[in-house]
Amino acid sequence: MGIVVASSNRHNAPIRIVIADTALARTEVSASMRSDNVEGFIRLLEAGFGRPRERDGDTITLRKAQ
């Protein structure tokens, strides 16, 4: 997932995704969606992996589920 997020961050400025969980960063994902659909990608992660997000301006941080 870290590679997908890095690619999203390169192509979707100013929105930036931060992964605050190393296990999540190593998780393999496969999906087909538009590269500019950042919100859809985040909702997919929340629904599929139970990963909550925090938003601070243009930064979205994914955290470990409690």
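This is a predicted model: local features need pLDDT of at least 70, side-chain atom pairs count only at pLDDT 80 or more; totals for chains, interfaces and linings use all residues.
I started with Arg53 and Glu46, whose side chains meet in a salt bridge at 3.3 Å, N to O; a salt bridge here is a side-chain nitrogen of Lys or Arg within 4 Å of a carboxyl oxygen of Asp or Glu. Salt bridges that share partners join Glu39, Glu46, Arg53 and Arg55 into one network.

Residues are numbered from 1 along each chain as its sequence is written, and side-chain values use heavy atoms, with hydrogens and water left out.

Next I checked cover for that first pair. Arg53 is partly exposed because its relative accessible area is 31%, and Glu46 is partly exposed too, at 27%. (Buried means under 20% relative accessible area, exposed over 50%, partly exposed in between, with a 1.4 Å probe and protein chains only.)

Then I looked up Arg55 and Glu39, which form a salt bridge of 2.5 Å, N to O. This pair links distant parts of the chain: Arg55 sits in strand E2 (residues 53-56) and Glu39 in helix H3, 16 residues apart. Helices (H or I, at least four residues) and strands (E, at least two) are DSSP runs, numbered from the N terminus.

The structure holds five salt bridges. Another one of them joins Asp36 to Arg34, with the closest N and O atoms 2.8 Å apart. Arg34 counts as exposed because its relative accessibility is 60%, whereas Asp36 is partly exposed at 43%.

Which residues does Asn12 touch, leaving aside neighbours within four places in sequence? I found Ser35, Asp36 and Val38 in contact with Asn12, contact being heavy atoms within 4.5 Å. Asn12 lies in the loop between H1 and strand E1 (16-19), and Asn12 counts as buried because its relative accessible area is 10%.

Last, I went to Val4, in helix H1 (residues 2-11). Val4 counts as partly exposed because its relative accessibility is 36%.

Val4 also turned up at the largest pocket, which is lined by 15 residues, with Val4, Met33, Arg34, Ser35 and Phe41 nearest its centre. H1 and helix H3 (38-49) are the elements that give two or more residues to that lining. For the record, a pocket is an open set of points on a 1 Å grid over the protein atoms alone, where a 1.4 Å probe fits, with protein on both sides within 12 Å along at least five of seven lines; lining residues have an atom within 4 Å of a point.
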